[in-house]
Amino acid sequence: MTLLPGGSADHPPPLFAYPVEVRNLPPVQPPEIARDPQLLHSVREAAQRAGSLEDALRAALQRICAATGWQAGRVEFAQRATENAPRTIWYLEQPDRLDALKGVAERRRHSDGGGLAGKVLREGAPQWRPGSEDGAGAVFAFPAVARRRTVAAVEFFSTAAEPPDDALLSRITRACAELGRVIEEKPAQEMLRKAERGYRDLFESVSEALIVVDPRTGIIQDANPRACDLYGVPRERMLGISVHGLWSDAGVARAAIARGRRFETVLHRRNFDTVLEVSASPVQYHGQQAALLLSREVTQRVRVLDALRASEERYRILFENNPQPMWVEDAESGTFLAVNEAAVRHYGWPREKFLTLRSADLRLDPGAGAEQRAGSPAVERHRTASGEAHDLELSVHEVVFEGRRALLVAAFDVTARRKAQARLLQAAFYDPLTGLPNRALFKDRLEVAFARAKGREAAPFAVLFLDLDRFKVVNDSLGHRAGDELLVQIARRLESCRRAGDTVARLGGDEFTLLVEGVSTADEAIAVAERVHRSLAPPHLIEGHEVFAGASIGIALGGPATERVEHLLRDADTAMYRAKVRGSRHAVFDSSMHERAMAALRIENELRRALERGEMRVHYQPIVELSSGRTLGVEALVRWEHRERGLVPPSEFIPLAEETGLVVPLGRWVLDEACRAFAALPERINLSVNLSGRQLLQQEFCGELREMLARCRIEPSRLRLELTESMLIGNGAAARAALTQLRGTGVRLCIDDFGTGYSSLSYLHELPIDALKIDRSFVGAMGDDERKIKIVQSILVLGKSLGIDVVAEGVETSQQAELLRRLGCEQAQGYFFARPVPLEQLNFQG
């Protein structure tokens, strides 16, 4: 509905246009006639107290709803009305109705070209619509105006059948129009408060002594900690006293402060006097004119100047014997008029040569003229007679020397200090080995890129996370020095791939990151990853050895839609791990990767609790003699009976247990449970238990095993420990030594999943092995692949030649069992014979 045109002097037009069926409405006064300020004052007060624009608008909506009995209100901003608030802000007396009212507003917006709020934003006039079948009741909409421009529509929902009286509507119209000023000014007020806090921090932390005074009364309004220390007055006592009481010559100070000049004064202390130079500058303080006083101790300088003025001879002694390089130069030309002995020694020129030079001849940066140096100490880079560069802090003071205006310069060599500062900066933000930015600096630059992406530039970027492949092999084979050299060479190659504006960083170990600006698509980021792969492909020459070092790269894209900057590095790391697991060179992050990582974390946490809650179970699968079907032994297999998910397959939690180290307590529990089961097994039945690599390499494992065998009164030869082939080969000599020690306990040892690793037959005979297990992948493919049959046959021949048992795993059909029997295999296990079951359900054949 729109404002009705027409009206007369006796009957002005109503504020709202109502449906035709509503009649006998009283005449409405225009808003400008309604001067009752109560509601307007309430809205202004609520908005003023609020800390943010959103809080201010919600508080205003609450006050209006409270005054009218309306149930809900919302503010819909005009396009670009504000950049610091959402498009729409709601207030509801009953928040659980928000979704319903949002639906009503959305339906009405689409049904009549933007709804009442859209009409208000277009026409700038109040609108009203009575209740309808959608259940929202009547809807009122008012313009919020700033500088004669409608910046927002303020919409209210009411269950009442009739609108309020026109006097109240007039006050609401005026209050809603006032919200335009709030929308325009509140963000600026928030920015002002932030700026004030920043300047306050700067004021408190600056190393100079600062005091703020009222120039009319001289009362101290503020002082920073340095000023309180310098004048020896606690802050709580300093505020509110007259600043002139700090100095003995208050009259001079008062005149200098009034004119904004510098003056010198003496601060009398118990044992000594301190000469201060005080500079006064006009400032605004809380909206009022004030004076900012900067106090600097100049006792040493004043003493020098006093000596110069008191006596030429005393000046010469002080000037010549001062350990700091000092000279006097002409204020206009910079020609040296006098130099002391310390300056001659420092710069290396004879005094006569020195006096023919100008100060500009010393400066490596000719642009730093004397007029720029006057006042506070400045740092310049000077050259000596030998050409060596030094950083010097110069204290410059105007003097009269031999009747001409001159500058007295005292130089303090700060080269070592600045180098130390540079080293500290380097240590704080750069990797000491490669010289690349470290994690802290990379995160800082990542936050800058994130801010640009969120700002008006909307600049996209990408994060690449690199992890070197098989870097540990280099360290273990060639030594850590060679590994460090490889990292340095890798860093140089990565820098060669970097464009201007990009960042290459080393996070630690063999992990590197790249921040690539201007990358908006996955294909562009992959092209960068390919460029990195090409750069790393050629071999590195490390201590006379050629070393190839590839990398797995994870990619995460950043842009305006990125929610949190810290997620990018995490996502790139997740994608890198996915690439490494898949065996691909790189991978681009997607949300499913994070979901899988969170699922793995959840399973890990649940697995830790499963051990405590007793959710783990041991099932047993028979190992049978193929010729007779007689049960020769059983294998103990761990199962997880989850309280919610039921039976969790071992493939889902065993790799995670290996990775996290939980396999050690889990394996100890399984072995202990299996040893207890011996009491229920016939004496002729042997028991096989899987052993992880982490358990094998633990020094205390053999002792624990002996104690377990003794406690359960088990004949050691009846226990067979199974180890995977890849675990034995991957741990080399350490694994062989551990196996030898383990064999000394009397237990039997078996290689599980034989044929799937990368073992060498040349050392297989060196291992104290009693049995081999043919992997189920060979057994399952025997019917379709003649080569698999040959492999199985070869393993059987190998076992017989070495005098060790061979067991076939994964037998699921009678055809497989018959073929294995014909090939000479004596023992087998699999679903064809029996599935793993609890101990009490075991059925021993023969």
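This is a predicted model: local features need pLDDT of at least 70, side-chain atom pairs count only at pLDDT 80 or more; totals for chains, interfaces and linings use all residues.
Student: OK, helices. At roughly what angle do H1 and H2 cross?
Tutor: Roughly 150°. H1 covers residues 38–49 and H2 covers residues 53–68. Their axes come within 8 Å. Axes are lines fitted to C-alpha atoms, for helices over the stretch in contact, and angles run from 0 to 180 degrees between N-to-C directions. Helices (H or I, at least four residues) and strands (E, at least two) are DSSP runs, numbered from the N terminus.

Student: So are H1 and H2 roughly parallel or roughly antiparallel?
Tutor: Roughly antiparallel. Angles over 145 degrees count as that, under 35 as roughly parallel, 65 to 115 as roughly perpendicular and the rest as oblique.

Student: Which residues make the contact?
Tutor: From H1, Leu39, Ser42, Val43, Glu45, Ala46 and Ala47. From H2, Ala56, Ala59, Ala60, Arg63, Ile64 and Ala67. Contact means heavy atoms within 4.5 Å.

Student: How do they divide by class?
Tutor: Nine nonpolar, one polar and two charged. Ala, Val, Leu, Ile, Met, Phe, Trp, Tyr, Cys and Pro count as nonpolar, Asp, Glu, Lys and Arg as charged, and the others, Gly among them, as polar.

Student: Now H22 and H24. How do they cross?
Tutor: At roughly 25°, with axes that come within 10 Å. That makes H22 roughly parallel to H24. H22 is residues 663–677 and H24 is residues 701–712.

Student: Which residues meet there?
Tutor: Arg668, Leu671, Asp672, Cys675 and Arg676 in H22 meet Phe701, Glu704, Leu705, Met708, Arg711 and Cys712 in H24. The classes are six nonpolar, no polar and five charged.

Student: New topic: Glu277. Buried or exposed?
Tutor: Buried, at 6% relative accessible area. Buried means under 20%, exposed over 50%, partly exposed in between (1.4 Å probe, protein chains only). Glu277 lies in strand S9, residues 273–285.

Student: What does Glu277 touch?
Tutor: Arg262, Phe263, Glu264, Leu294, Ser295, Arg296, Val298 and Arg301, not counting residues up to four places away in sequence.

Student: And where is Ala522?
Tutor: In helix H18, residues 522–536. Ala522 is partly exposed, at 27%. Ala522 and Val588 are 66 residues apart in sequence and 7.0 Å apart in space, C-alpha to C-alpha.

Technical notes
Residues are numbered from 1 along each chain as its sequence is written. Side-chain values use heavy atoms; hydrogens and water are left out.
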